[in-house]
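This briefing goes through one protein structure by topic. Look at the sequence and the model first, then read the points below.

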Amino acid sequence: MTDLAHVRYLWDETLMPADPVDQLVYRSNLLGRDRSTTNYGGGNTSVKAPGVDPVTLNPIEVLWIKGSGSDLATLQRSELVPLNNDLVLGLERGYRGVSHEDHQARLLACCVANGAGGAPSIDTPLHALIPYAHVDHVHPDALIAFATAVEGRRLVEEVYGNEVGWLDWQRPGYGLAIKLRDLVKSRPGLRAVVLGGHGLVAWANTSKECYDLTLTLIDRAMAAIDERSAGRSSPIFGNRTVVDLAPTERRRQAALAMPLFRQFASSQQRMIGTYRDDDAILDFIGSHEAPRLVQQGTSCPDHFLRTKQRPLLLSVPPDVDPMAVSEDIAAEFDAYREDYARYYHASCDGNSSAMRSPNPVVILWPGIGMFTMARSSPEARIAGEFYLNAVNVMRGAETLSAYQGLDEGEAFGIEYWALEEAKLKRMLPEKSLSRRVALVTGAAGGIGTAIVRRFVAEGASVVIADIDADGVMALAQEFGEQAVGICLDVTDEAAVDAAFKRASLAFGGVDLLVNNAGISISKSLVDTSATEFDTLQAVINRGSFLVSQAFVRHAIVQGLGGDIIYIVSKNAIVAGPNNIAYGTAKGAQLHQMRLLAAEVAEQNIRVNAVNPDAVIEGSKIFAGAWGDERAATYGVSRDRLGEFYAQRTLLKREILPQDVAAACFVLVGGNLEKTTGMVIPVDGGVASAFLR
């Protein structure tokens with residue numbers, strides 16, 4: 001198709017599989033690539049295909065549908081749910097009305113064929129009862145704009161004529177499916193239906209026809225909105241009441257404010273934060289109409305399940321020092337919590353689940369941008385995407401006529417609906433370091449890399465910092481959204497400050513610091529230059545000081561406590577030859593740890609150390625002159641160093657980077673929460689390095 005001006009047409013006939021179920025996966029992935037077509041985890045696609053009952057071996061019609069909680073963009077065949085469609089249709093005989101939708105939805109599990117796939121979606125009956133082979137249910141911003149606009153039914157008729165029908169808002173379930181089925185029967189020429197406040201359902205006889213129809217309807221909605229927008233003489237959201245700061249200044253303000261926002265948003269559970277300043281967001285939150293529209297809340301159920309019905313719209317000026325108005329900001333968070341509690345208690349009953357955290361997920365600061373808080377970086381980003389969808393919907397609805405959100409009681413019914421909560425329960429369980437952010441210096445070396453990998457595996461978001469820019473970027477690419485890489489010289493005070501600002505923008509703050517950056521030389525006293533001595537002191541001792549100082553300043557604003565781990569060395573305890581510069585620096589670093597532990601405990605910051613010895617695998621230190629010098633000192637060949645170090649220990653075992661990472665995890669994984677000022681030796685047992 002070449003006549004679509006507003007959407008990307010991605011269908012490639014040469015790539016379409018022959019199998020109808022694989023065609024469904026292909027179509028779904030194309031639809032999911034564009035987040036303005038359907039949001040993350042939202043929407044459903046289906047196909048009805050011939051199958052065989054696994055018990056009777058009789059032929060049946062199988063409804064293949066996207067499982068609840070999976071995402072169209074990444075959908076795989078294993079995430080589809082196959083159901084005996086005759087059984088799904090048969091559920092109508094026992095249907096007792098909308099007050100029994102939960103019971104009806106539970107019966108869908110009895111209709112699953114082959115015992116495969118994920119959990120059936122709440123929208124499964126919509127697909128089953130439509131008498132067409134292929135069905136798309138998506139949440140395009142443009143169509144939801146029609147669905148949430150005042151006089152939405154009339155607007156749909158005006159744009160689509162008799163091709164597209166309308167159903168007033170009703171909670172998803174069997175009752176809505178029956179209404180849709182009856183509407184389709186009464187109007188044979190219908191090709192799709194707009195669900196009030198919700199989204200679009202379209203159907204066709206082939207997969208390509210269904211894809212083409214869905215995109216055509218979205219394109220026409222976008223064209224209609226653009227046409228009306230072009231004819232307006234005033235801004236859609238009214239005149240601007242707040243002037244945006246310049247991009248660099250916005251990011252500076254956001255970095256300063258994020259730890260404070262994170263503190264307030266984490267009053268019940270620690271949150272990870274993200275920041276964005278899209279033009280669409282800035283245009284909305286700085287407008288005259290923003291307070292009215294924010295108060296109305298989002299409408300599409302998929303939106304406010306991720307964002308809460310309403311965001312927090314701050315009233316503080318964009319150019320003010322966040323710390324200078326921290327009490328004012330705290331009061332706005334308090335007012336939000338009180339309003340959320342009112343919202344909950346106004347609609348809850350004896351069957352409602354306990355009130356969730358009353359803290360905002362979305363925080364809007366006019367002139368600066370949008371901050372989102374969730375249990376992980378990907379979920380915080382997704383919440384931001386959803387609210388951007390909501391802004392696009394409001395812009396479209398205000399262009400068409402006027403936006404109207406869901407009634408609070410109905411919104412509560414969706415937010416606390418057991419079937420929707422089931423989606424949350426199907427999320428992967430949280431790990432030991434979930435909701436925590438770590439910054440690791442010297443992260444591109446063997447020990448640093450092992451620590452990063454262990455922390456990420458345990459659920460942490462990690463800031464990977466090292467002076468080796470290429471190494472940092474290569475390591476960061478392993479972890480996607482769960483890590484960011486920063487080229488950092490720990491001796492540069494301004495660079496250290498910038499690193500913490502970058503961490504704040506990426507994840508909301510920092511909870512765990514690992515001081516691992518270091519270099520080494522092996523020379524006698526008379527051969528060590530003053531420059532060499534000073535360089536080791538600068539990287540190991542001054543570097544740890546600067547990064548720890550920045551972390552503590554940051555943690556005080558964040559108000560969530562934290563952990564600092566110093567990766568020191570056996571050489572901080574044991575005296576040996578040709579080691580004056582390195583040993584002195586490590587000794588000072590170890591005592592720095594003790595001093596800091598004694599000072600910052602009142603801020604609930606724990607400070608501990610790990611003393612490794614002779615970690616050769618992956619080591620940048622041993623890969624250079626230090627390895628040659630150590631080998632010469634001990635009279636062994638370079639390739640025998642690991643064996644040599646192992647044989648001089650009590651356990652006779654070589655120390656690996658993973659061993660050091662394991663010790664770091666022990667300190668922060670939750671089992672030593674009342675321990676500070678401790679040193680864990682990871683050296684295979686060196687009696688001369690015993691502390692007691």
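Two strands count as paired if DSSP finds at least two bridges between them. With that in mind, G273 has M373 in β11 as its bridge partner. The model is a predicted one.

**The four-stranded sheet**

- An open sheet is built from four strands, and its order is β8-β11-β10-β9. Its pairing is mixed.
- At the edges of this sheet are β8 (272-276) and β9 (312-313), each of which pairs on one side only.
- Five bridges connect β8 with strand β11 (residues 369-374), and this pairing is antiparallel.
- Helix α14 (residues 377-400) packs on this sheet, where it touches β8, β10 (362-365) and β11. The direction of α14 makes about 40° with that of β8.

**The seven-stranded sheet**

- Another open sheet has seven strands, in the order β3-β2-β1-β4-β7-β6-β5, again with mixed pairing.
- Its edge strands are β3 (80-84) and β5 (164-167), and each of these pairs on one side only.
- From one strand to the next, the twist averages 20°.
- Strand β1 (residues 44-52) and strand β4 (residues 134-138) run antiparallel and are joined by four bridges. Opposite T45 stands D136 in β4.
- Helix α1 (residues 20-32) packs on the sheet and touches β1, β2 (59-66), β3 and β4. Its direction makes about 175° with that of β1.
- Helix α7 (residues 174-186) also packs on the sheet, touching β5, β6 (192-195) and β7 (199-204). The angle between the directions of α7 and β5 is about 145°.

**Strands β12 and β13**

- Strand β12 (residues 437-440) and β13 run parallel, with four bridges between them. V437 stands opposite S461 in β13.
- Strand β13 (residues 461-466) is mostly covered, with six of its six residues buried.
- The cover is on both faces of β13: S461, V463 and A465 are buried on one side, and V462, I464 and D466 on the other.

- Is S377 buried or exposed? S377 counts as buried because its relative accessibility is 5%, and buried means under 20%.
- S377 lies in helix α14. Leaving aside neighbours within four places in sequence, S377 is in contact with I272, T274, S461, E481, A506 and F507.

**Salt bridges**

- How many salt bridges does the structure hold? The structure holds 42 salt bridges.
- Side chains of opposite charge can pair when their charged atoms come close.
- One of the salt bridges joins the side chains of D182 and R181, at 2.7 Å from N to O. D182 counts as partly exposed because its relative accessibility is 39%, whereas R181, at 13%, counts as buried.
- The side chains of D278 and R276 also meet in a salt bridge, at 2.7 Å from N to O. D278 is partly exposed at 24% relative accessibility, and R276 is partly exposed at 23%.
- E415 and R356 form a salt bridge in which the closest N and O atoms are 3.6 Å apart. This pair links distant parts of the chain, 59 residues apart: E415 is in helix α15 (residues 408-415), while R356 is in the loop between α13 (326-347) and β10.
- Within that pair, E415 counts as buried because its relative accessibility is 2%. R356 is partly exposed, with a relative accessible area of 22%.
- A network of salt bridges links E151, R154, E158 and R228.

**A nonpolar patch on the surface**

- Which residues form a nonpolar patch on the surface? L525, V526 and I580 form this patch, and together they have about 320 Å² of accessible area.
- L525 lies in the loop between β15 (512-515) and α20 (530-558). L525 counts as exposed because its relative accessibility is 65%, and exposed means over 50%.

Methods: Residues numbered from 1 in each chain as written. Predicted model: local features only at pLDDT ≥ 70, side-chain atom pairs only at ≥ 80, totals over all residues. Heavy atoms only, no water. Helix = DSSP H or I, 4+ residues; strand = E, 2+ residues; numbered from the N terminus. Contact = heavy atoms within 4.5 Å. Axes fitted to C-alpha atoms, helices over the stretch in contact; angles between N-to-C directions. Patch = residues over 30% accessible without salt bridge, like charges linked within 9 Å, V, L, I, M, F, W, Y side chains within 5 Å. Areas by Shrake-Rupley, 256 points an atom, 1.4 Å probe, with all protein chains shown as cover. Salt bridge = Lys/Arg side-chain N within 4 Å of Asp/Glu carboxyl O. Buried < 20%, exposed > 50% of the residue type's maximum accessible area, 1.4 Å probe, protein only.
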